[in-house]
Amino acid sequence: MVNGDLLNRDHLVASLAAFEPRSVELDGRRSASVVIVVMRTADGTPVFPVTKRPSKMRAHPGQFALPGGSVDPGESSEQAAVRELSEELGVDVPEANIIGRLDDYVTRSGFVIRPFVVWSGEDIGGLVPNPDEVAQVYAVTSEELDVDSRFVTIEESPNPVIQWPFRTSLIHAPTGAVVYQFREVLNGRNTRIDNLEQPVFAWR
């Protein structure tokens, strides 16, 4: 931990530079991008937003998520990442603000998700969430990030279901898996997430 904070910018840059992310071929699946965007609170504490989806959404209603979505035709994963960040939360950053990425994660619903880490440094209080896609925004601190995840055995899969304990909730994959790897990389551990399962209710 640098200066007592995993989300210190220099530490982020160095940790991600030392990590070699794994890519997954689409093989008929759809491409999506998600973003961990590091911002700050009014007192300067670095945080990143996790959102909760509206209960009326068609896909994955009421679930926790990172900003992101499908990559449009003719668009790169990086372009999709910054576009979705703007559309969902009103955060406008250039692609140059992408400081690294994590492993691709294959979902049960047929997506290959590519997670990017973006530096903003802007006040998270200035977010303008899109109400069609975001019901609530949570500012995740380093202390909330740096907790041990749980791994649960299920009958339907040989792989463990990951649960990231966040406040009063347990956040599952893919969000829980991406955040888990983010925490691991920032602690100097090249932990992979391709063996981490989603809960059965998300298999659609």
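Helix α1 (residues 9–17) and helix α4 (residues 175–186) cross at roughly 95°, and their axes come within 9 Å of each other. The two helices are therefore roughly perpendicular, a term for angles of 65 to 115 degrees. This is a predicted model, in which local features need pLDDT of at least 70 and side-chain atom pairs count only at pLDDT 80 or more, whereas totals for chains, interfaces and linings use all residues. Residues are numbered from 1 along each chain as its sequence is written, and side-chain values use heavy atoms, with hydrogens and water left out.

- Two packed helices are described by the angle between their axes and the distance between the axes.
- The axes are lines fitted to C-alpha atoms over the stretch in contact, and angles run from 0 to 180 degrees between N-to-C directions.
- Helices are DSSP runs of H or I with at least four residues, strands are runs of E with at least two, and both are numbered from the N terminus.
- From α1, the residues His11, Leu12, Ser15 and Leu16 meet Phe182, Val185 and Leu186 of α4, where contact means heavy atoms within 4.5 Å.
- By class, this contact of α1 with α4 has 5 nonpolar, 2 polar and no charged residues.
- Ala, Val, Leu, Ile, Met, Phe, Trp, Tyr, Cys and Pro count as nonpolar, Asp, Glu, Lys and Arg as charged, and the others, Gly among them, as polar.

**The sheet β9-β10-β11**

- Three strands form an open sheet in the order β9-β10-β11, with antiparallel pairing; two strands pair if DSSP finds at least two bridges between them.
- β9 (150–154) and β11 (169–172) each have a single partner strand and stand at the edges, so one side of each is left without a neighbour in the sheet.
- On average, neighbouring strands of this sheet are turned by 40° against each other, direction ignored.
- A hairpin through 2 residues joins β9 to β10, and these strands pair in the antiparallel sense over 4 bridges.
- Arg150 has Gln163 in β10 as its bridge partner.
- Strand β10 (residues 157–166) also pairs with β11 in the antiparallel sense, over 4 bridges; Ile171 in β11 is the bridge partner of Trp164.

**Cavity and pocket**

- The structure holds 1 cavity of 30 Å³ or more, and the largest cavity has a volume of about 30 Å³.
- On a 1 Å grid over the protein atoms alone, a cavity is a set of points where a 1.4 Å probe fits but cannot get out, and a pocket is an open set with protein on both sides within 12 Å along at least five of seven lines; lining residues have an atom within 4 Å of a point.
- Leu145, Val147, Ser149, Trp164, Val179, Tyr180 and Arg183 line the largest cavity, and α4 supplies the largest share of this lining, 3 residues.
- The cavity lining divides into 5 nonpolar, 1 polar and 1 charged residues.
- The second largest pocket has a volume of about 220 Å³.
- Among the 15 residues that line this pocket, Tyr105, Val106, Asp194, Asn195 and Leu196 are the closest to its centre.
- The lining of the second largest pocket comprises 4 nonpolar, 5 polar and 6 charged residues.

**Backbone features in loops**

- Ala173 and Pro174 are joined by a cis peptide bond with omega of about 10°, and Pro174 is found in the loop between β11 and α4.
- Asp27, in the loop between α1 and β1 (30–40), has a positive phi near 50°.
- Most residues other than glycine have a negative phi, and most peptide bonds are trans.

Key:
Angles under 35 degrees count as roughly parallel, over 145 as roughly antiparallel, 65 to 115 as roughly perpendicular and the rest as oblique. Grid points are joined across faces, edges and corners, and a volume is the space filled by probe spheres set on the points.
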